[in-house]
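Please read the following report with the sequence and the model side by side.

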Amino acid sequence: SSDLLLTTNLLSAASLPKLWQGIALGIDGNPPLYLTVAWLIIHPLAKLVSVVATLKLLNLVAAAAGLAALVALARRLASPAACWVGALLFVTMSSGFIYDASALRTYAVYFLTAALAALCQQRLIERRRSLDIVWLALANVALAMSHTFGIAYVGILAFAGWLSGPRDDRPLLMPTLIAVI
């Protein structure tokens, strides 16, 4: 498909600055996180393994890690059995998950970063530790750099986090804003 051609063509760049230049020219409209990570993994291995197989494995690992983050998030509300049954249904009944895990695009990394940002937001709400602010900020940066809609999801997750707490919880508002900014 054209996605395969686009991704493999960009990943054949001789250096990271050339890759980023190709992204900046509009060859790929997404922020550079996925392609940068893929280039860093594939570039040293390009002569040894198939680029397509490596990318598919990378995406499968990212999608599985995203699913694990969602299970960890769901564990705050449901039993382990219910969470794993939900994860199994999500994987088997959703063609979107299978597509995301196998497409040579940023979708699996986007899914992973969104799940991690939601999990980090919830941890900040529950524990209110300084380290949770740092983890949420890193997850938000990764989310914003993973897809063109990532920045919107940063705002949506912060708003959802604010809505999930008491309205008079001003001490939580500032750490959340710091992590969003």
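Predicted model: local features only at pLDDT ≥ 70, side-chain atom pairs only at ≥ 80, totals over all residues.

Residues are numbered from 1 along each chain as its sequence is written, and side-chain values use heavy atoms, with hydrogens and water left out.

**Overall fold**

The secondary structure comes to 10 helices and 0 strands, where helices (H or I, at least four residues) and strands (E, at least two) are DSSP runs numbered from the N terminus. Along its principal axes, the C-alpha trace spans about 55 × 35 × 25 Å. Of the 181 residues in the protein, 38% are buried; buried means under 20% relative accessible area, exposed means over 50%, and partly exposed lies in between, with a 1.4 Å probe and protein chains only.

**Two helix pairs**

The table sets out how two pairs of helices pack. Axes are lines fitted to C-alpha atoms, for helices over the stretch in contact, and angles run from 0 to 180 degrees between N-to-C directions.

| Pair | Angle | Axes apart |
|---|---|---|
| α7 (residues 107-127) and α9 (residues 150-163) | about 25 degrees | 10 Å |
| α2 and α3 | about 150 degrees | 11 Å |

The angle between α7 and α9 makes them roughly parallel, and the angle between α2 and α3 makes that pair roughly antiparallel. Angles under 35 degrees count as roughly parallel, over 145 as roughly antiparallel, 65 to 115 as roughly perpendicular and the rest as oblique.

In the contact of α7 with α9, Tyr110, Ala114, Ala117, Ala118, Gln121 and Ile125 of α7 meet Gly150, Tyr153, Leu157, Ala158 and Gly161 of α9. These residues divide into 8 nonpolar, 3 polar and no charged, where Ala, Val, Leu, Ile, Met, Phe, Trp, Tyr, Cys and Pro count as nonpolar, Asp, Glu, Lys and Arg as charged, and the others, Gly among them, as polar.

In the other pair, Leu16, Leu19, Trp20 and Ile23 of α2 make the contact with Leu35, Thr36, Trp39 and Leu40 of α3, and by class this contact has 7 nonpolar, 1 polar and no charged residues.

**Nonpolar cores**

A nonpolar core is a set of buried Ala, Val, Leu, Ile, Met, Phe, Trp, Tyr and Cys residues joined through side-chain atoms within 4.5 Å. The largest one has 26 residues, and those with the most contacts inside it are Leu11, Leu19, Tyr34, Leu35, Trp39 and Leu55. Helices α1 (2-11), α2 (16-24), α3 (33-45), α4 (51-74), α5 (80-93), α6 (95-102) and α7 each give two or more residues to this core, and α4 gives the most, with 6 residues. Apart from this core lies another of 14 residues, among them Leu136, Leu143, Val154 and Ala179.

**Two single residues**

Is Asp132 buried or exposed? Asp132, which lies in helix α8 (residues 130-144), counts as buried because its relative accessibility is 3%. Leaving aside neighbours within four places in sequence, Asp132 is in contact with Arg123, Leu124 and Arg127.

Leu57, found in helix α4, is exposed, with a relative accessible area of 52%. Leu57 and Ser102 are 45 residues apart in sequence, and their C-alpha atoms are 8.2 Å apart in space.

Terms used:
Contact = heavy atoms within 4.5 Å.
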